[in-house]
Amino acid sequence: MATKQCKKEMLQQVNQLWSMLDDMSESSPEAYQKFIRHHLEEGMKQFSPPEPHTCFQTRILELSEKLLYVNLCTWSRVPAPKSESDPVPLGGGKLEENVEGTEIYSVTDVAYNPEVLKKGSENPVERDQLIRLAMKYIEEQHCIRLSHSYTLLKDKLKGSKKQMKQRLTGKAGPAQTAMEMTSGESGISLLQQLTRLKSADEENEENKLPIRLPSDIGHPKKPGLIEEISSTEFEGGNKVETPKYELLLIKDENAKTKTIQLKVELPGVSSAAECDLSVSKDDLVIDVAEKFRLQLDLPENISEDIVTAKFNKKAHVLSVGMPIK
């Protein structure tokens, strides 16, 4: 009964819309054309395909490591954050494995709103945050563990645009219907055009990009100053342990924290080359392949550009100095 009532109300609203448009077309043809043009342009934006923006390379940490290429794409279908304090929406595509000669690698795609990536292009710090957000999303979405180091590539895209579009949308591309409607079909009635827009929208709704916010992505919360990440396991059963560590806050004469000092015990590690250290302004990750993993939320924001690290081969201790901003 409720469904019939909803359909009846919807039909009334449609009739009111057509009546309003008919009146507008007679009383103010210019306003009518402007209204139709505006909404067709908005529809085209929503149906526009994703475009490549930046490509970076990292590694999937499994028993046998392999390269992962991530295409960061601009896509109007991904909304922009409402304000600077709001989380940044993003959407992701499938994870594909490819072979080139003897090299086996994986590739996936992450889409942001064009305005978001534009700001990232203008600010290296924001670009780094967007890349690390994409990496966290990929880890959670595909249940894999990534190295926290990455390399920006000269090419904007790994693979073809068609493959990228198919991974993100699950089909060739959502823009075709809206584009065809505005390419010389002036004889088609407004009703037919709007009906086509509605059909295209319903088709896209079935294959809608999963938009994710940073708050949706599983990452450690802060119960106190530091959270210790529990041991994880590889598929082969080899345990990755959380090493013993000591975190010290070095303060000045005014009792203000000046530097964060971290000492990590890594028994069995003989060289700094075995350690993969990644530091952002508020967290730190240390990876030693198939042996240790430590992830900490830092109690203060640090200047990641001037972090220092030393490895004592005799004591098997990694020392990291992190000046406070």
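**Exercise 1.** Which helices and which strand each supply at least two residues of the lining of the largest cavity?

*Solution.* Start with the ground rules. This is a predicted model, where local features need pLDDT of at least 70, side-chain atom pairs count only at pLDDT 80 or more, and totals for chains, interfaces and linings use all residues. Residues are numbered from 1 along each chain as its sequence is written, and side-chain values use heavy atoms, with hydrogens and water left out.

Step 1. A cavity is a set of points on a 1 Å grid over the protein atoms alone where a 1.4 Å probe fits but cannot get out; lining residues have an atom within 4 Å of a point. Helices (H or I, at least four residues) and strands (E, at least two) are DSSP runs, numbered from the N terminus.

Step 2. Search the whole structure: two cavities of 30 Å³ or more turn up. The largest holds about 40 Å³ of space. Volume here is the space filled by probe spheres set on the points, which are joined across faces, edges and corners.

Step 3. List the lining: His53, Thr54, Leu72, Leu117, Gly120, Ser121, Arg127 and Leu130.

Step 4. Assign the elements. Strand 1 (51-60), helix 3 (114-122) and helix 4 (124-142) each give at least two residues. Helix 3 has the largest share, with three.

**Exercise 2.** Find the strands that pair with strand 5, and say in which sense they run.

*Solution.* Two strands pair if DSSP finds at least two bridges between them.

Step 1. Take strand 2 (residues 66-74). Eight bridges join it to strand 5, and the two run parallel. Leu72 stands opposite Val110 here. Leu72 also lines the largest cavity.

Step 2. Take strand 3 (residues 90-92). Two bridges link it to strand 5 in the antiparallel sense. Gly91 faces Ala111 across this pairing.

Step 3. Take strand 4 (residues 96-100). It runs antiparallel to strand 5, over five bridges. Glu100 has Glu103 as its bridge partner. The two strands form a hairpin with two residues between them, and Gly101 in the turn has a positive phi of about 65°.

**Exercise 3.** Is strand 5 (residues 103-112) mostly covered or mostly open?

*Solution.* Buried means under 20% relative accessible area, with a 1.4 Å probe and protein chains only. Eight of the 10 residues in strand 5 are buried, so defined. Strand 5 is mostly covered.

Definitions and conventions:
Buried < 20%, exposed > 50% of the residue type's maximum accessible area, 1.4 Å probe, protein only. 1 Å grid on protein atoms, 1.4 Å probe; cavity = no way out; pocket = protein on both sides within 12 Å on 5 of 7 lines; lining within 4 Å.
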